[in-house]
Amino acid sequence: MIRTVLGDLSPDAVGPVMLHEHVLFDIVPPGASGVPEAPIVPEARWQADYRSNELAANACQRDVGVATRELALFAEDGGGLVVDQSVRGLARDAEGLARAARESGVHLVAAAGTYVEDRVPSDVRALSAEALCDLFTAEVTEGLDGTEVRAGIIGEMGCSWPLTPFEARALSAAAGAQAATGAAISVHPGRHETACGEILDILASNGADLRRVVLCHMDRTHPEGRGIAPLLDRGAVVEWDFFGIEQSHYWMTETVELPTDLGRLRQIADLAAQGFGAQVAISQDICTKTRLRRWGGHGYGHILRNVTGLMRRLAFPPGLIAALIRDTPLRLLNLKEIPQ
Ligand SMILES: [Zn+2]
């Protein structure tokens with residue numbers, strides 16, 4: 001069963017899936033300029049997008065009506081389900097997601113867990129690993145933030161570089177919550193080439209099933225594709241979730257050169273040729289207004305509208321395309337049965 005914000009659902013009933021997006025979000029970094037409520041005028045749009053979340057107004061979208069319209073456009077592109085990975089620390093809005101799902105007709109999955117330490121409220125930062133595990137478990141089994149809306153995935157679990165003691169505790173708690181609920185774990189790794197290996201070590205030593213762990217943001221963590229194969233050998237799923245960002249400049253780290261959509265697909269094709277096709281996930285990780293249709297962006301439907309055509313141009317077999325846009329994310333979202 002897939003646990004959506006409106007209830008449990010058979011995977012058979014679901015069309016194409018975007019595994020890593022943000023539907024309602026506030027990711028405004030400290031030091032961002034302006035205020036979240038400010039408009040983004042056309043003259044400023046390109047620069048806001050290029051420097052991405054430096055502008056407060058760009059990094060915050062909490063309007064349910066806007067989200068509903070964006071999801072309806074995703075459905076027009078054939079989309080069926082979106083996972084909102086806005087965990088605690090990213091302005092998670094469980095009731096808002098439920099409303100957007102009801103009004104758009106698009107299935108939504110919400111997320112248990114915590115983001116990077118400096119986004120997490122101090123009372124939660126102070127919790128032990130055991131208390132965090134109970135919290136994440138209850139977010140899947142009972143509800144999020146005092147609502148009856150339940151999470152269907154754990155994470156994106158936020159990891160800084162270097163990993164902080166709180167983040168290490170939260171990862172061990174995520175492993176425990178996975179064992180208790182059968183949910184998959186999604187991890188936002190620190191910006192370092194050794195971060196993912198360290199994360200898998202912590203998850204494995206706390207009993208996680210690494211085949212149900214997704215390592216996000218390969219685009220900026222392993223931009224040239226080096227160092228990914230050892231993660232796949234351990235069973236993990238790796239995710240390219242910057243689809244739609246067609247620029248080389250990465251606004252968070254001057255030293256990283258981002259791949260483009262075709263570059264991402266070529267790396268994925270290489271891994272698929274080595275037999276890892278079922279361990280790759282793709283998404284767009286939309287977390288700024290300028291990537292939404294309303295502000296002239298590509299929206300949640302870009303992969304379905306444009307990238308599947310690029311896949312065919314690169315001669316991806318139909319089975320691999322189906323795995324990327326539907327089968328693999330549904331396999332991960334399908335809660336594993338826990339023996340009572
Ligand atoms: Zn994200």
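User: Which residues coordinate the zinc ion?
Analyst: In this predicted model, the zinc ion is coordinated by His20 (NE2), His22 (NE2), Glu156 (OE) and Asp285 (OD), at 1.9 to 2.3 Å. Donors are N, O and S atoms within 2.8 Å of the metal (3.2 Å for Na, K and Ca), and sites may look incomplete because water is not among the atoms.

User: And how are the donors spaced along the chain?
Analyst: The spacing is H-x1-H-x133-E-x128-D. His22, in the loop between β3 and β4 (25–26), and Asp285, in the loop between β12 and α11 (302–313), are 263 residues apart and link distant parts of the chain. Strands (E, at least two residues) and helices (H or I, at least four) are DSSP runs, numbered from the N terminus.

User: Are His22 and Asp285 buried or exposed?
Analyst: Both His22 and Asp285 are buried, that is, under 20% relative accessible area (1.4 Å probe, protein chains only).

User: Now the sheet: what is the strand order?
Analyst: The order is β3-β6-β7-β8-β9-β10-β11-β12, an open sheet of eight strands with parallel pairing; two strands pair if DSSP finds at least two bridges between them. Since β3 (17–21) and β12 (280–282) each have a single partner strand, one side of each is left without a neighbour in the sheet.

User: Where do β9 and β10 line up?
Analyst: Strands β9 (residues 185–188) and β10 (residues 213–215) pair over three bridges in the parallel sense, and Ile185 stands opposite Val213 in β10.

Conventions. Residues numbered from 1 in each chain as written. Predicted model: local features only at pLDDT ≥ 70, side-chain atom pairs only at ≥ 80, totals over all residues. Heavy atoms only, no water. Buried < 20%, exposed > 50% of the residue type's maximum accessible area, 1.4 Å probe, protein only.
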